[in-house]
Amino acid sequence: MDADFHTPLASRMRPASIDDFIGQTHLLSAGKPLYQMLNGGRLHSLILWGPPGTGKTSLARMMSEAVAANFATLSAVTSGVADIRKAVDSARESISTGEQTVLFVDEVHRFNKSQQDAFLPHIEDGSITFVGATTENPSFELNKALLSRARVYILRSLGDDELRQLVKRAISDPLRGLGDRQLTVDDKALNMLIAASHGDARRILTMLELAADLVDEGSDSAAAITAEIVSEVTAFRLQQFDKGGDVFYDQISALQKSIRGSDPDAAMYWCQRMIQGGCDPHYLLRRLQVIASEDIGNADPRAITVVLSAWQAFDRLGPGEGDIPIAQAVTYLAVAPKSNAAYLSLKAAKRLAGEYSDLPVPTHLRNAPTALAKSMGHGDGYRYSHDEPGSFSAGQRYFPDELKEEFLYNPTDNGLEKKILEKVRYLREQNKRARDE
């Protein structure tokens, strides 16, 4: 057997040209930016941003070949500034012989600020054409100076039809794929592979190769990859979850928006996606605590207590049984009446306090713990509300004298907050009447 077949299937099936590339048609179709650039034999520094298995490394290699440049690689996981200097020195030597160098930096977001800065002068003077690959949002993870020198191209997860095409090519290709084994994949098995791959070309090819190794080729019937074989391969696959990257925040966003939209079914789905993917349940409970205040608030003040109780129950029960009170909290929040009035009042109060941060406390509201403070009039004119009807001193002002009356909290008529709205309206009307007299 050819020695190439000792390398993983995903590596053997790397595309050799644009026409061989599956996916990313929004970049590589005729007339699209990268297509035009590669066909024209031009190349500029760029960032390839996309999920794993979308072809970032393969695309970088194709770029270097398109412009007949040397291809050098660094991994931010294992490299440092010394490795960057070495790669640049080698690139400068190539320039002296008229050769351009494409420096491909994998996982570039893992370099710190000073390491990223080390590339800038060499990009600037043309010593290297920089191609960075990242699974994280460049706006958050990369220096602005680096971003200003490299155009960002977004790669997308492969669609079902593209993954299906990839598998069929790997099955039939006798030189790079599994074609020499004359395997077949039934439709159910293929659909299971596609569902388990999450749009990741490398993942689906890896699973396909594992499944092929489980096929009994000694039987009389044609060697087939069946649904049962694929089930064995995918039984212990990991959920797509990156504990801090874009996928993490996308999923927590989906959970909160499902709760806010009063959909307990979708909320439970996203909750389990996160838990099964490895999310710390305590992080999830903290987010639920925020949701209870931000999206439900005084429409149902019990929501915050339900989450606290679920938190205590989880700590006592641990994972497994402790997931039950989390589920109870998630479903309660989802079906509870919603109000963000308290949250909006917080934002409005922050804005007001920021704009008027130097206004003095009105004299009648000041503390008077000493004789000097009393002689200065602190507390004079203050009305003790408990001594007045309904424990309410109608008309008394509490804002700084320079501010007009501000209505920061505006309750909704949802859930219990409807009662609060009635009370707030009554109190404000009593204040207005007293001040107008």
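Select Asp173 and Arg176: their side chains meet in a salt bridge, 3.4 Å from N to O. The term stands for a side-chain nitrogen of Lys or Arg within 4 Å of a carboxyl oxygen of Asp or Glu. This is a predicted model, in which local features need pLDDT of at least 70 and side-chain atom pairs count only at pLDDT 80 or more, while totals for chains, interfaces and linings use all residues. Residues are numbered from 1 along each chain as its sequence is written, and side-chain values use heavy atoms, with hydrogens and water left out.

Stay on this pair. Asp173 counts as buried, at 15% relative accessibility. Arg176 is partly exposed, at 23%. Here buried means under 20% relative accessible area, exposed means over 50%, and partly exposed lies in between (1.4 Å probe, protein chains only). Together with Asp173 and Arg176 they are linked in a network of salt bridges.

**Helix H5**

Next, select residues 81–95, helix H5. Helices (H or I, at least four residues) and strands (E, at least two) are DSSP runs, numbered from the N terminus. H5 has 15 residues and reaches 21 Å from its first C-alpha to its last, close to the 21 Å expected at 1.5 Å a residue. That expected span is 1.5 Å times one less than the number of residues.

Colour Ile84, Ala87, Val88, Ala91 and Ser94, which are buried. Look down the axis of H5: its buried residues fall within an arc of 110°, so they line one face of the helix. The arc is taken from the directions between the helix axis and the C-beta atoms. What covers these residues? The cover includes strand E2 (70–75), strand E3 (101–106), helix H6 (113–117) and helix H7 (120–124). Turn to the face of H5 pointing away from its buried side. It carries the exposed residues Ala82, Arg85, Lys86 and Glu93.

**From H5 to a loop**

Select Arg92 and Asp125. They form a salt bridge, with the closest N and O atoms 3.4 Å apart. Asp125 lies in the loop between H7 and strand E4 (129–134) and Arg92 in helix H5, so the pair ties together parts that are 33 residues apart in sequence. Asp125 is partly exposed, with a relative accessible area of 46%. Arg92 is also partly exposed, at 38%.

How many salt bridges does a search of the whole structure find? The count is 19. For another, select Glu388 and Arg383, whose side chains meet at 2.9 Å, N to O. Glu388 is partly exposed at 22%, and Arg383 is partly exposed at 30%.

**Helix H13**

Go to Ser231 in helix H13 (residues 227–234). Ser231 is partly exposed, at 34% relative accessibility.

**Helix H16**

Is Gln289 buried or exposed? At 15% relative accessibility, Gln289 counts as buried. Find it in helix H16 (residues 281–296). Show its surroundings: leaving aside neighbours within four places in sequence, Gln289 is in contact (heavy atoms within 4.5 Å) with Ile304, Val307, Leu308 and Trp311.

**Last stop: helix H19**

Select Tyr343, found in helix H19 (residues 341–355). Tyr343 is partly exposed, at 30% relative accessibility. With Tyr343 they form a nonpolar patch on the surface, with about 250 Å² of accessible area together.

Definitions and conventions:
Patch = residues over 30% accessible without salt bridge, like charges linked within 9 Å, V, L, I, M, F, W, Y side chains within 5 Å. Areas by Shrake-Rupley, 256 points an atom, 1.4 Å probe, with all protein chains shown as cover.
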